[in-house]
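Please open the model in a viewer and have the selection tool ready. The tour below moves from one selection to the next and describes what is found at each stop.

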Amino acid sequence: MAYKDLRKFLKLLEEKGLLKRVKAEVDPVLEISEITDRMCKSPGGGHALFFENVRGSAFPVVTNIFGSFERMCLALEVQSLDDIAGRINEMLNQSPPRSLMEKVAMLPRLFEFSRYIPKRVKNAPCQEVIEKDNPDLSIFPVIKCWPGDGQPTDEGRFITLPMVFTKDPETGRPNCGMYRIHVYDKITTGMHWHIHKDGARHYDKYKALGKKMPVCIAVGSDPAVIYSATAPLPESIDEMLFAGFLRREQVKMVKCITSDIEVPANSELVIEGYIEPGEERIEGPFGDHTGFYSAADNYPVFHVTCITRRKDMIYPSTIVGKPPMEDCYMGKATERIFLPLLKVDFPEIQDMNLPMEGVFHNAALISIKKSYPGHAKKIIHGLWGKGQMMFSKLLIIVDADVDVQNISYTAWKVLNNVDWRRDVVVSEGPVDDLDHSSSLPRYGSKMGIDATKKTREEGMTRDWPEEIIMSDNIVNLVTQRWKEYGLE
Ligand SMILES: Cc1cc2nc3c(=O)[nH]c(=O)nc-3n(C[C@H](O)[C@H](O)[C@H](O)COP(=O)(O)O)c2cc1C
Ligand SMILES: [Mn+2]
């Protein structure tokens with residue numbers, strides 16, 4: 001059964017011994033970050049943390065709730081992250097496969113998805129307390145994560161696990177994306193949606209219309225809802241519909257007090273407000289999930305009009321930094337969940353590994369069933385054209401027999417198989433906003449490596465050598481006789 005809210009998930013984590021409470025008073029400025037970082041770096045991602053006593057605030061803080069494979073699976077209520085791919089495959093196989101975009105546009109209409117269309121409710125826990133006259137962000141335990149965060153004019157505090165809700169002014173379609181929130185003062189924040197993201201698309205439209213843009217930021221909902229804010233869905237798919245699919249129960253939404261944006265009714269905290277198109281301000285710097293500070297840059301300004309919350313709000317936050325961190329496990333969920341969708345357009349893809357060290361946009365290892373000359377290079381170009389895969393700075397393509405989850409084995413194969421001048425594709429295009437290596441912001445180069453076995457048709461003039469494999473009869477013989485050798 002779906003978690004009713006964040007609390008139900010925390011309760012389960014605690015019952016399973018996966019959450020630790022910190023009773024000592026801790027500072028939301030850097031101290032919680034250092035404690036959480038040590039937890040993230042401990043074997044397997046450590047525990048979720050519940051800080052009961054946070055200096056300067058009446059509210060508790062939770063961190064690292066998704067930060068292990070076990071907790072990520074519990075969050076999405078699966079035994080293994082591949083189980084979701086299985087459900088998606090079942091759904092996709094209900095009709096003959098066509099292009100990814102067609103497929104994805106069809107998804108909401110498919111029976112399974114239609115059961116999960118978000119439901120509007122009137123009474124919501126997230127509106128137990130309504131502060132409309134004097135909204136004040138400073139009463140919340142918003143964390144300063146790293147020493148260099150923020151501007152000298154503010155305290156460098158960032159809401160790091162926010163669900164930002166907007167609406168397309170033309171179609172009325174909602175979007176929810178996780179974009180960190182730089183708190184400038186009691187009623188003003190930044191709005192850090194990168195220009196490639198759906199929130200920014202909506203903003204562009206409001207700008208063109210010259211209309212004030214309503215925006216609502218929800219913090220703390222049940223885990224499938226929080227995760228869905230990070231999922232790289234096409235613009236046409238409502239993240240809350242997707243969340244309903246993941247949790248197998250429709251998400252209950254409530255209309256905000258000061259705008260008609262809807263937010264998950266079970267949220268802990270909701271910050272309502274608006275953006276005046278064209279008004280921008282320096283956002284950042286912020287110690288980011290690449291392990292480097294993302295540079296300060298101009299972003300829209302968000303003005304708070306109303307804050308609603310649960311009476312006894314619990315404030316969830318994440319600390320990003322040098323991997324492995326909590327977001328790595330959210331990214332791993334995305335890798336597993338979106339693989340079947342990539343396979344709709346590229347059925348030759350067998351598996352994909354986005355290693356944590358590559359912080360998701362920096363590297364992808366992909367195995368394919370190769371069947372024609374240049375096949376690997378076609379995959380390289382194809383993936384650079386697919387949604388957020390366009391950010392992949394390094395794509396390594398290997399044959400289907402290579403287990404890309406085994407990085408050591410993959411490296412051995414790649415390093416042997418590649419003739420660098422022949423097998424490397426270097427191209428240019430958009431790069432992730434967080435990439436600091438490109439000479440220009442958001443525009444740079446990417447590399448694809450074709451590490452598959454080369455054929456005559458691809459200009460290989462020599463025979464490809466056989467791989468060393470012991471004959472079966474000897475393997476069996478040695479297995480049978482193993483004890484006789486006295487080696488154990
Ligand atoms: C913890 C965390 C923080 C993130 N912060 C940002 C951010 O500040 N800006 C941004 O554009 N994307 C950020 N992302 C990535 C987006 O959430 C992700 O690309 C998502 O697919 C965007 O939704 P959209 O496709 O509806 O725009 C963050 C992801 C995580 C897990
Ligand atoms: Mn979206």
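Begin by selecting D37, which is located in helix α2, spanning residues 31-41. The coordinates belong to a predicted model. D37 has a relative accessibility of 14% and therefore counts as buried, the limit being under 20%. Display the side chains next: that of D37 forms a polar contact with the side chain of K41, at 2.7 Å. Within a helix, residues three or four places apart point the same way, because an α-helix has 3.6 residues a turn. Leaving aside residues up to four places away in sequence, D37 touches W146 and M325.

Proceed to helix α10, residues 326-345. Its 20 residues should span 28 Å at 1.5 Å a residue, and the end C-alpha atoms, 30 Å apart, agree with this. Centre the view on F338, where α10 bends by about 40 degrees; a proline, P340, follows within four residues. Colouring α10 by accessibility will show a mostly covered helix, with 18 of its 20 residues buried.

Now select ligand 1. Which residues are closest to ligand 1? Of the 19 residues that surround ligand 1, the closest are M178, Y179, H192, K197 and D198. Strand β8, residues 174-177, supplies the largest share of this shell, three residues.

Finally, inspect the oxygen atoms of ligand 1. One lies 2.6 Å from a side-chain N or O atom of Y179. At D198, a backbone N or O atom is 2.8 Å from an oxygen atom of the ligand. At E239, a polar side-chain atom is 3.0 Å from an oxygen atom of ligand 1. Taken alone, ligand 1 exposes 640 Å², of which the protein buries 87%.

How values were computed
Residues numbered from 1 in each chain as written. Chains lettered and ligands numbered in written order. Predicted model: local features only at pLDDT ≥ 70, side-chain atom pairs only at ≥ 80, totals over all residues. Heavy atoms only, no water. Helix = DSSP H or I, 4+ residues; strand = E, 2+ residues; numbered from the N terminus. Buried < 20%, exposed > 50% of the residue type's maximum accessible area, 1.4 Å probe, protein only. Polar contact = N/O pair within 3.5 Å; in protein donor to acceptor, adjacent residues only side chain to side chain. Contact = heavy atoms within 4.5 Å. Expected span 1.5 Å × (residues − 1). Bend = angle between axes of the 7 residues up to and from the residue. Near = heavy atom within 4 Å. Areas by Shrake-Rupley, 256 points an atom, 1.4 Å probe, with all protein chains shown as cover.
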